[in-house]
There are 2 protein chains.
Amino acid sequence: MSTPHKVSTEQARALNAYVRLMRAVEFVTRRISPHLATHGLTWSQFEVLEALNQFGSLCQNTVAEKILKSPANITTVIDNLEKQKLVRRERSAEDRRFVTVHLTEEGRRLIHEACPRHIAAIVEEMKILSKSEQEELSRLCRKLELKEGK
Amino acid sequence: MSTPHKVSTEQARALNAYVRLMRAVEFVTRRISPHLATHGLTWSQFEVLEALNQFGSLCQNTVAEKILKSPANITTVIDNLEKQKLVRRERSAEDRRFVTVHLTEEGRRLIHEACPRHIAAIVEEMKILSKSEQEELSRLCRKLELKEGK
DNA sequence: GAGTTATAATTCGACATCGAAAGATTAGAT
DNA sequence: ATCTAATCTTTCGATGTCGAATTATAACTC
């Protein structure tokens, strides 16, 4: 984004930080992703399984919140996970609008196998940063995420 | 990614930094994106137009490198831009394997209109961080991006 | 209890994304 | 000159992504 438009020094600094941020995520993601492919999982599928493993069975709306995706999207991801028999849908008895999603035994086995490797891959990526650098990165990113001043 | 798996303190710190990083990008992107929609552009379409505006006409392979996407993907994005008459394809005369992509007048006009707003939106997001924080973020992200030690 | 409003999930259409395979073209080797 | 390898683009199939409209259900109001 270092554009031909005239920008002040301050704007250039902000833009540079932004571009670096985007590129870092792009490259880190690219290096981590292959680990998931070996388990036959896409990124979103992994995130859904992980959320179910961590929080227990959830309704689809909650899954969407956890992995920061739209409900419409969750439907298709769950569809594909169900085809692979990694999760099971269950229409709630009390309120029939809700669909609760459960891990199957198969799904639980897979995520228990994939998760440690995934964590290891992430740690491997981040350890290029020192302890204090990791903490500083967390702090800065949290500020960007919240940005309530907006 | 704070998982139920046992992780050491060091792993937890690395994971936390990673999750913060991902979420920050997710939220910042979400807040910036609406600006593009007002110009009828998707994220990728904008990136392609911007690359052409910045570097001049490029062949598709180069566009793919600039915006960090696969060549297969570029084909469809350019297809959609061409439908809107924002870019023009031209088979290279010297080496007919290459397709050079040019901005049309329409495309140039649009990107000149959209770019400043986009930059403003980014600056608005990043200015929650101080000068030195922006610089530190750039430095940390650059380290993550390169990570040649791998 | 009938009508309104709210919420959960799905469907639909458009676009993005990638890997793999295919097609076209060039460059290099012999 | 011909064969081979490399390179650029496209096509194909699968998945993901979203907003908007739709369906099903529940809760609320009067």
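**Ground rule for today**

I call a residue exposed when its relative accessible area is over 50%, buried when the value is under 20%, and partly exposed in between. I also keep in mind that this is a predicted model.

**Entry: A:Arg97 and A:Asp95**

I looked up A:Arg97 and found a relative accessibility of 67%, so this arginine counts as exposed. Its salt-bridge partner is A:Asp95, with 2.7 Å between the closest N and O atoms. I then checked the aspartate: A:Asp95 has a relative accessible area of 24% and is therefore partly exposed.

**Entry: the pair in chain B**

I turned to B:Arg97 and B:Asp95, which also form a salt bridge, their closest N and O atoms lying 2.7 Å apart. B:Arg97 comes out at 70% relative accessible area, so I noted it as exposed. For B:Asp95 I wrote down 24%, which means partly exposed.

**Entry: A:Arg89 and A:Asp79**

Which parts of chain A does this pair link? I first confirmed the salt bridge itself: the side chains of A:Arg89 and A:Asp79 meet at 3.0 Å, N to O. A:Arg89 sits in strand β2 (residues 87-91) and A:Asp79 in helix α4 (residues 71-83), so I logged a link between distant parts of the chain, 10 residues apart. Accessibility next: A:Arg89 is partly exposed at 25%, and A:Asp79 is partly exposed too, at 31%.

**Entry: across the chains**

I wanted to see which residues join in a salt-bridge network, and found A:Glu133 linked with B:Glu136, B:Arg139 and B:Lys143. That network takes in residues of chain A and of chain B. For the overall tally, I have 36 salt bridges over all chains.

**Entry: B:Ile74**

Is B:Ile74 buried or exposed? Its relative accessible area is 0%, and the cut-off for buried is under 20%, so B:Ile74 is buried. I placed this isoleucine in helix α4 (residues 71-83) of chain B.

What does B:Ile74 touch once its neighbours within four places in sequence are set aside? I listed contacts with B:Gln60, B:Val63, B:Ala64, B:Ile67 and B:Lys69.

Terms used:
Residues are numbered from 1 along each chain as its sequence is written. Chains are lettered from A and ligands numbered from 1 in the order in which they are written. This is a predicted model: local features need pLDDT of at least 70, side-chain atom pairs count only at pLDDT 80 or more; totals for chains, interfaces and linings use all residues. Side-chain values use heavy atoms; hydrogens and water are left out. Helices (H or I, at least four residues) and strands (E, at least two) are DSSP runs, numbered from the N terminus. Buried means under 20% relative accessible area, exposed over 50%, partly exposed in between (1.4 Å probe, protein chains only). Contact means heavy atoms within 4.5 Å. A salt bridge is a side-chain nitrogen of Lys or Arg within 4 Å of a carboxyl oxygen of Asp or Glu.
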